[in-house]
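Q: I want to learn how to read a model like this one. Can we go through it feature by feature?

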Amino acid sequence: MDHIPDDLSGLSDSEATALCELLRARLIDTVSRTGGHLASSLGAVEIIVAIHRVFHTSQDRLVFDVGHQCYAHKILTGRNEAMETLRTLGGIAGFPKPSESDCDAFVAGHASNSVSVAIGMARARTLQKGKYHVLALIGDGALSGGMAYEGLSDAGDSGEPLIVILNDNGMSITKSVGGVADHLARQRLKPQYLRFKKGYRKVMSVLPLGGHIYNVTHKVKTAIKETLLPCSLFEDMGITYLGPVDGHDVKRLTRLLNYAKELDGPVLLHVRTVKGKGYSPAERNPDRFHGVGRFCVETGELLHPAGPNFSSVFGQTMCQLAEEDGAVCAITAAMQSGTGLDQFAQQFPERFFDVGIAEGHAVAMAAGMAKQGMKPVFAVYSSFLQRAYDMLIHDIALQQLHVVLAVDRAGLVGEDGETHHGVFDAAFLDTIPGMTVLCPSNFQELRSMLRYAVFQVPGPVAIRYPKGNEGTFQSDTGSVKSCLLQEGKDITLIGYGMMINQLLECADRLVEHGIHADIIKLNCITPIDLEPIAASVKKTKRLFCAEDSIMANCVGQRLLSALALRGISVERGALVNTGSTFVTHGTVSQLQELCGLDGAHLYQQALEVCGYGKQ
Ligand SMILES: Cc1ncc(C[n+]2csc(CCOP(=O)(O)OP(=O)(O)O)c2C)c(N)n1
Ligand SMILES: CC(=O)[C@@H](O)[C@H](O)COP(=O)(O)O
Ligand SMILES: [Mg+2]
């Protein structure tokens, strides 16, 4: 991988094939040391090399869907060495970033928007009389998201020259689901049909035309054609459909892209690939190598296997609740494993619903189930729930339906970075009338709060918990109110969820300065139980609130305004949160430090609130 040509257009087919092998080896080697989205990136190597043979991504616009398959593109566009820093603080991101390279046309991270972005760029090009090409690279999983169809429908109607490459490996993170996945599976059989047709013609050429045999065989052929070669969904939308083609044949891909480039309208190239291609542990277990931690290349074993985590505790508790009550159902939007629902899916298949990458649909579907008397629990990553804001208001809140949102990956998530941090949900869920938002600080609280949410809260309710393990604070406060964890007289420290661990550390350090803090843990942040806070602030006059959420409508701001309305004055205070910008990628503890949310920084800031200068 020492010398990568800047321009791949001059490569011969055999050189291009050799380059693919080099890229694969490089991906396996680097990701084994950094962790990352390996299986998707391995599967897309030939597609990316073919794109770079035919297009110039510094001028032509290549829009990645999700962007987790972009590693070969990063290597080919000047970031080979930087791959050593993939997803680390200060290093390159795991997703496309225009700030890293002109060859990254658009940010990505969330699924199903690539065709919309690409048609926007194509229209801009036409209006500005530009001379570049626009491509979208979308996976079959991302094609389960509704926005992809809004984009395709508009693209087909527009007639704009645009190339959509559909990378179809039959997999989302787990197996692709839904009617379109079935349709694509049938399309994939098309070459088999074409082979059958060839053989059929040969046989028919020696049989007399007309007559009984012909009629029967023709009927059989038509039936097979209807099963194997359904009319293309895309052509009906006005998009020229090419394929399906073997996505690991770089020569054919290059030819087809050259052909698509000449077509004066929207084209979809259907490419079949193998997720994890070229690394047998990943081919065997593409879901395990979708997003993988550091691993041993020889064995494929993780160097640091995942320990206990909130998601698995959630999944176990869901199984218990479903045993107890036949109305409890689990819903996921293509995140079965990540949200800890593997066991539930096995044990209660009839009450488990993977709806594809369709968070808005999942929320509206849950609303329908709740209206008819079921108890739906939608397990969703915080940042993906952003997609469903209107459904939360329109389909759930207006009728105060009892839907439980299990909001996983709340707070800073680490290496996935700015597109994936769960720092918005605390703020936006609070705007939804009638919503309850519970915040467990440890596994035991998650168990009891989930039970409370499913069986006792009448309306919409969310439980938010972070990625990974619990901290040292492991007692169950057994409450959904605000709890005074520790009593002092000098400052009121307020937090929720895992932030309690840092606040306890901060309070211990303050004692060394003779400063004694009230620590109030909020078990519910919407609505907030204000009484213990009001009583404490009346006493200390100092309010200090720490949270890994954005500043706007953070709990601290809400408390300040609620206290002011009650005429309770705060003489000094600090609101520590993730601010009003986007937080980069790195480990969770590095990012907490960056935001001033680790125990040491909280202590420094609390000291200042108590009148001590910087120590
Ligand atoms: C809105 C949204 N929901 C969920 C995800 C999580 N997610 C990331 S990749 C992925 C599967 C994508 O499958 P596909 O597009 O087929 O790509 P492949 O990994 O198979 O190459 C999912 C569900 C996301 N990124 N965005
Ligand atoms: C690309 C994407 O959106 C997912 O693969 C995400 O990275 C999963 O995150 P976890 O690793 O926290 O499950
Ligand atoms: Mg896929």
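Q: Where is arginine 87 found?
A: First, a caution: this is a predicted model. Arginine 87 is found in the loop between α4 (71-79) and α5 (114-127). Its phi is near 65°. That is a positive value in a residue other than glycine.

Q: Is arginine 87 buried or exposed?
A: Count the neighbours. A residue is buried if 20 or more other C-beta atoms lie within 10 Å of its own. Arginine 87 has 21, so it is buried.

Q: Which value does phi take at lysine 541, and where does this residue sit?
A: Phi of lysine 541 is near 65°, again a positive value in a residue other than glycine. Lysine 541 sits in the loop between α21 and β16 (542-546). Now count again. Lysine 541 has 16 other C-beta atoms within 10 Å, so it is partly exposed.

Q: What is omega at the peptide bond between glycine 243 and proline 244?
A: Omega there is about 0°, and the bond is cis. Proline 244 lies in strand β4.

Q: Which kind of peptide bond runs from threonine 526 to proline 527?
A: A cis bond, with omega near -5°. Proline 527 belongs to the loop between β15 (524-526) and α21 (531-540).

Q: In what order do the five strands of the open sheet run?
A: The general idea comes before the case. Strands of a sheet pair through backbone hydrogen bonds, in either a parallel or an antiparallel sense. Here the order is β1-β2-β3-β5-β4, and the pairing is parallel. The edge strands are β1 (61-64) and β4 (240-246), each pairing on one side only. From one strand to the next, the twist averages 20°. Recall that β4 is the strand that holds proline 244.

Q: How many bridges join β2 and β3?
A: Five bridges, in the parallel sense. Strand β2 covers residues 134-139, and strand β3 covers residues 162-168. For one pair of partners, take alanine 136: its bridge partner in β3 is valine 164.

Q: How many residues surround ligand 1?
A: Ligand 1 is surrounded by 24 residues. The closest are Ser40, Ala111, Gly139, Gly141 and Ala142. By class, the shell has ten nonpolar, eleven polar and three charged residues. Next, check the domains. Domain 1 (8-189 + 229-284) and domain 3 (310-464) each give at least three residues to the shell around ligand 1.

Q: Which residues are around ligand 2?
A: They are His37, Val66, His68, His290, Gly291, Gly338, Arg409, Val413, Asp416 and Lys467. This shell divides into two nonpolar, five polar and three charged residues. Domain 1 (8-189 + 229-284) and domain 3 (310-464) each supply at least three residues of the shell around ligand 2.

Q: How many helices and strands does the protein have?
A: There are 24 helices and 17 strands. For the overall shape, compare the radius of gyration with the globule rule. The protein has a radius of gyration of 27 Å, close to the 25 Å that the rule gives for 615 residues, so it is as compact as a globular protein of that length. Along the principal axes, its C-alpha atoms fill a box of roughly 100 × 60 × 55 Å.

Q: What share of the residues is buried?
A: Buried residues make up 49% of the 615 in the protein. Arginine 87 is one of the buried residues.

Technical notes: Residues numbered from 1 in each chain as written. Chains lettered and ligands numbered in written order. Predicted model: local features only at pLDDT ≥ 70, side-chain atom pairs only at ≥ 80, totals over all residues. Pairing = 2+ DSSP bridges. Helix = DSSP H or I, 4+ residues; strand = E, 2+ residues; numbered from the N terminus. Axes fitted to C-alpha atoms, helices over the stretch in contact; angles between N-to-C directions. Near = placed C-beta within 6 Å. Nonpolar A, V, L, I, M, F, W, Y, C, P; charged D, E, K, R; others polar. Domains from an automatic or database assignment. Rg over C-alpha atoms; globule rule 2.2 N^0.38 Å. Buried ≥ 20, exposed ≤ 12 C-beta atoms within 10 Å, placed from the backbone.
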